[in-house]
Amino acid sequence: MRKLTLASAILASTALTAPAFADGHLMIVEEPLELTIHMHWPRAQGYGVGGSPSEIYPVEMAAREMTGIHLVDQTAGRNTTDSGEAMNLLLAQGNMPDIVGGHLILQPVNEFGPQGAFVPLNDLVSEYAPNIQAFWDENPEILAAITAYDGNYYYIPYLPDGEFGRAWFIRQDWLDALGLEQPQNVDELYDVLVAFRDDDPNGNGVQDEIPYFARQWEEVNRLLTLWDARSSGSDTYHDFYVNDESQIVHPYAQVAYRDALANVAQWYEEGLIDPEIFTRGSSSRDYLLSENLGGMTHDWFASTSGYNAALAETVEGFNFIPFLPPASAAGVRMEEHRRIPVKPDGWAISYSNEHLVETIQYFDFWFTEEGRNLANFGVEGETWNMVDGEPVFTDAVLNSDRAVNSQMYDEGAQIQRGYFQDYRYEWQWTSQAAREGIELYSANDLLVPQFLGVSLNEEEQAVYDRYWPSLRTYMLERQQAWILGSGDVQEDWDDYVETLDEMGLEDVLEVMNAAYTRQNS
Amino acid sequence: MSIDPEISGARTEELVIEAREAQRDRKAGRIQRVGDHLRREWQIYLLLLPTIIWLLLFLYKPMYGLQIAFKDYSVFRGIADSPWIGFEHFETLFNNDQFIRAIRNTLIISVYSLIIGFPVPILLALMFNEVLNQGFKKATQTIVYLPHFISSVIIAGIVITAYSPSAGIVNTVIGWFGFDPVYFLTRPEWFRPIFIGTGIWQEAGFQSIVYLAAIAGVSPTLYESAVVDGASRWQMMWKITIPSILPTIIIMLIIRIGNILEVSFEMIILLYQPATYATADVVNTFIYRQGIQGGQYDLAAAAGLFNAVVAFVLVITANTISKRYSRTSLW
């Protein structure tokens, strides 16, 4: 360790491109300090390349040199990919590492933090973590959203950057072939989809086109926004949202939903929506695009744009591009989906940690400029260089066969520690078509406020747990039945609302609004 | 009858002492007998040992955790330190219409599977037994065993494709007769036939092995004497084969009844949709959605405990009935 520092110090004094960290101004401890960590997330079940504790991340090596803190893997539940299960295993076995990190830790830290499993961070951060504190000062609503019911917060979240996630995509070459313009409102969209269905835009002489399709059947609900209803308040499907009166409500209990769903059901009956949307599954985008069958979808900018290059050879003239959300019946253009500004992922300090100050200073390190670059782009000089004050990936990274994010996961960057993502990381490898789409979407005011969740106390959580899973089941059951045409939403509506009432929707909304008021007071 | 009390008393005393001694002797004798037995048969018990250890570790030890069904369980506090709350979880369950519906669906699916699915492997075994061409017999047996070894995920994929309205073979055949395609997997009325049919297709072949083994155990002399008496093959099947394997059939039936609430729910999870919950949602899928996904282990444990109690009662009942009427039983 000392040798390495010495070596880099010599390097710093001799080379022109001195690593920024060589001067040691970010050093937290004089003697190297080992902290154990649980890090469990979908891409890796462990803190090391591919989850293997013996292969130390290059980013971790750099962080060790910069801070003197050595993270040592102690991940539980390595043989499951379900991070929630791994967390439960960790809590149940009792032997907690110093740092607990990874996927979906918000709910457990807010439930078990107040019971004593995790350390509240409020005072630690305000005293020892100026960079994190600065972020909270700028984004108080995010801090409110992750605060537990006891008023403390228990983890430092992964904070995604960037705004747009999904967009409406359409086969521009099909529009051109039929002599149509991009649809600007819901009525024009209807006409375009009818034309896709009837006028054989793929030119094979068979009516086999699927006008609207989606990889996740839930995306059929995005069409609800075309008639001014909502399908979700966050990037989780079927989530609650905050209405204009600052009340938490559920989209599927609104009158607007009734009328919008009747229209969606109509479209489904007319064959404008993939008849097999409920069972086609995640490969439907691959299949319908490569077979030249799908006309329009609602999906992620980057991955969906990628089909233009992938299918350029096989599907003649293939041009699948993002277009502006058509104006709704009431004339509103809305993109309901966006990247959520805070994830339930990140890291927390467990009760067994004996170095609280060093740990929080270490967490803060990742919010410094150097730390943030390290967390986003990997080690400077290895995977990226500073060009005109901008971090730019090396050609080797950008032109590799592997996607940049996969490469970063093996570097130890972009993993689910508590850090603030930098959108420049993704922009550099976003295709030209997607960039144009994102710029188009950004130029228009399309986004709606996100519901970031509420922290329920134990009694409220009990009410929520008792009623919500069954309510959700019932709502989805009715929703699919209406879309599939067994039952008429207009006729069934009063019974439906009454049943929701009997099943406790009011109780759920009451506890959520109570928590929401407490959170924002 | 009059007896001299004095003589009688002394005599009784003697008898008691004698009896005690005899008992002591017998006790020693029993222990010795068991010891001899073990010394003679220790290899057999050694073979049994791993199973017993497995049972203790994986079935008896976890029973300690069943108590969370009556507790407000927190993984951090642990099983012992979570507070007792009595029957609250059971109340929650039985006040939930979806749980009641799940019980009903479980029973309907199980009873249909039992009525339709139970005789199939027996018929298969009887048919295999009558096949004379060994090559054909082996080939068909292998074909019907195969689905058992395919993972549920793949089976579900095959089912979804087979019943697809656009590309599925089922709808293609329906189309030949001029009918419109049916989107089977979103229609509640079709879920049970598809699920039960798939289950039979997947397991009947493998289950027939037990009956084939039982048939192989029937003494050939019975058949030889039947041939001498001029019995037809049909008569031999009815009068010899089926009565001989009847105990096996009944044991299998009792086991099946005991597992009646254990629907293969991983298959249901892969095949169901909110649109088909009305007929497809069973107790285990309900537990999965409500309990495991939501992290409510205590509630899930309560539902699981209820399941186990019902299964236990069913096994006891089936066994008792069988013992009384057919003299065949598990114990």
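Visitor: How far apart do the C-alpha centres of domain 1 of chain A and domain 2 of chain A lie?

Guide: The model is a predicted one, and in it the C-alpha centres of domain 1 of chain A and domain 2 of chain A lie 37 Å apart. Chain A is divided into three pieces by the domain assignment: domain 1 covers 26-162 + 343-422, domain 2 covers 166-243 + 254-260 + 270-323, and domain 3 covers 458-520.

P251(A) sits in the loop between β9 and α10 (255-269) of chain A, and it counts as buried because 23 C-beta neighbours fall inside 10 Å, where 20 or more are required. Leaving aside neighbours within four places in sequence, the residues in contact with P251(A) are A229(A), R230(A), S231(A), S232(A), Y241(A) and Y257(A). One of these pairs can be given in figures: P251(A) and A229(A) are 22 residues apart in sequence, while their C-alpha atoms are 7.2 Å apart in space.

Two residues of chain A call for attention on account of their backbone. Most residues other than glycine have a negative phi. D228(A), although it is not a glycine, has a positive phi of about 65°, and its place is in the loop between β7 (210-212) and β8 (241-242) of chain A. D228(A) has 18 other C-beta atoms within 10 Å and is therefore partly exposed. S246(A) likewise is a residue other than glycine with a positive phi, here near 60°, and it is found in the loop between β8 and β9 (248-249) of chain A. S246(A) is exposed, because it has 10 other C-beta atoms within 10 Å and the limit for that class is 12 or fewer.

E458(A) lies in helix α19 (residues 458-484) of chain A, and with 12 C-beta neighbours inside 10 Å it counts as exposed. The C-alpha atoms of E458(A) and Y149(A) are separated by 8.5 Å, although the two residues are 309 residues apart along the chain. D495(A) belongs to helix α20 (residues 489-502) of chain A and is also exposed, with 11 other C-beta atoms within 10 Å. D495(A) and M386(A), by contrast, are 109 residues apart in sequence and 62 Å apart in space, taken from C-alpha to C-alpha.

From here the account passes to the other chain. The contact between the chains takes 22 residues from chain A and 24 residues from chain B. On the side of chain B that touches chain A, the elements giving two or more residues are α12 (277-280) and α13 (283-292) of chain B. By class, that side of chain B divides into ten nonpolar, twelve polar and two charged residues.

Chain B itself is assigned domain 1 (5-69) and domain 2 (87-326), and 40 Å separate the centres of these two domains, taken over C-alpha atoms. Two packed helices are described by the angle between their axes and the distance between the axes. Helix α4 (residues 119-130) of chain B packs against helix α8 (residues 188-216) of chain B at an angle of about 55°, with the axes 7 Å apart, which means that α4(B) is oblique to α8(B). The crossing in which α4(B) passes α8(B) is right-handed. Among the residues making this contact are V120(B), L124(B) and F128(B) of α4(B), together with A204(B), Y211(B) and I215(B) of α8(B). By class, the contact of α4(B) with α8(B) has eleven nonpolar and four polar residues, and no charged ones.

The crossing of α8(B) and α10(B) is right-handed. V210(B), Y211(B), A214(B) and I215(B) in α8(B) meet T241(B), I245(B), T248(B) and M252(B) in α10(B). The residues of this contact of α8(B) with α10(B) are six nonpolar, two polar and no charged.

Terms used
Residues are numbered from 1 along each chain as its sequence is written. Chains are lettered from A and ligands numbered from 1 in the order in which they are written. This is a predicted model: local features need pLDDT of at least 70, side-chain atom pairs count only at pLDDT 80 or more; totals for chains, interfaces and linings use all residues. Domain bounds come from an automatic or database domain assignment. Two residues are in contact if their C-beta atoms, placed from the backbone, lie within 7 Å. Helices (H or I, at least four residues) and strands (E, at least two) are DSSP runs, numbered from the N terminus. Ala, Val, Leu, Ile, Met, Phe, Trp, Tyr, Cys and Pro count as nonpolar, Asp, Glu, Lys and Arg as charged, and the others, Gly among them, as polar. Axes are lines fitted to C-alpha atoms, for helices over the stretch in contact, and angles run from 0 to 180 degrees between N-to-C directions. Angles under 35 degrees count as roughly parallel, over 145 as roughly antiparallel, 65 to 115 as roughly perpendicular and the rest as oblique. A crossing is left-handed if the near helix is turned anticlockwise from the far one by less than a right angle, and right-handed if clockwise.
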